[in-house]
Amino acid sequence: ARLDVSERAQFYLAPGEHLLKAGRDPQGGGLCGLGSDMWVQRETTLKVGEVKYFRFSIDINGTPDIHRAD
């Protein structure tokens, strides 16, 4: 998904292990288009009926990150 500032997305995933991956958007404006082609990834496991929230961010140097937000 391509997200702009303050946008949200919901994904409905099957239970099990999942890999979240985020990086810069060369077509994006502002900080999203800056920095190297570095990607960050985080693993998470979902149980049946479980809901998890994550925050995707890019710092002033264009370095992406993913944080739990519950």
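Arginine 42 counts as partly exposed, at a relative accessibility of 32%, where buried means under 20% relative accessible area, exposed over 50% and partly exposed anything in between (1.4 Å probe, protein chains only). The structure is a predicted model, in which local features need pLDDT of at least 70 and side-chain atom pairs count only at pLDDT 80 or more, while totals for chains, interfaces and linings use all residues. Residues are numbered from 1 along each chain as its sequence is written, and side-chain values use heavy atoms, with hydrogens and water left out.

Of the 70 residues in the chain, 16% are buried. Among the contacts with a separation of 6 or more, 42% join residues 24 or more positions apart, a contact being heavy atoms within 4.5 Å.

The side chain of arginine 42 meets that of aspartate 65 in a salt bridge, with 2.5 Å from N to O; the term covers a side-chain nitrogen of Lys or Arg within 4 Å of a carboxyl oxygen of Asp or Glu. This pair links distant parts of the chain, since arginine 42 belongs to strand S2 and aspartate 65 to strand S4 (residues 64–68), 23 residues apart. In general, side chains of opposite charge can pair when their charged atoms come close. The count of salt bridges comes to 2, and arginine 68 and aspartate 70 also meet in one, at 2.3 Å from N to O. Arginine 68 is partly exposed at 46% relative accessibility, whereas aspartate 70 is exposed, with a relative accessible area of 58%.

Strand S3 (residues 54–58) and S4 run antiparallel and are joined by 5 bridges, where two strands pair if DSSP finds at least two bridges between them. Phenylalanine 56 stands opposite isoleucine 66 in S4. The hairpin of S3 and S4 has 5 residues between the strands, and within this hairpin glycine 62 takes a positive phi near 85°.

Strand S2 (residues 39–46) also holds threonine 44, which counts as buried because its relative accessible area is 11%. The side chain of threonine 44 makes a polar contact with the side chain of lysine 52 at 2.7 Å (a pair of N or O atoms within 3.5 Å; within protein, one must be able to donate a hydrogen and the other to accept it, and residues adjacent in sequence count only if both atoms are side-chain atoms). Leaving out residues up to four places away in sequence, threonine 44 touches Gly16, Glu17, His18, Lys52 and Phe54.

Leucine 46 lies in strand S2 as well, and with a relative accessible area of 14% this residue is buried. Apart from its neighbours within four places in sequence, leucine 46 is in contact with Leu13, Ala14, Pro15, Gly16, His18 and Lys52. Leucine 46 and glutamate 17 are 29 residues apart in sequence, yet 6.4 Å apart in space from C-alpha to C-alpha.

Note on methods
Helix = DSSP H or I, 4+ residues; strand = E, 2+ residues; numbered from the N terminus.
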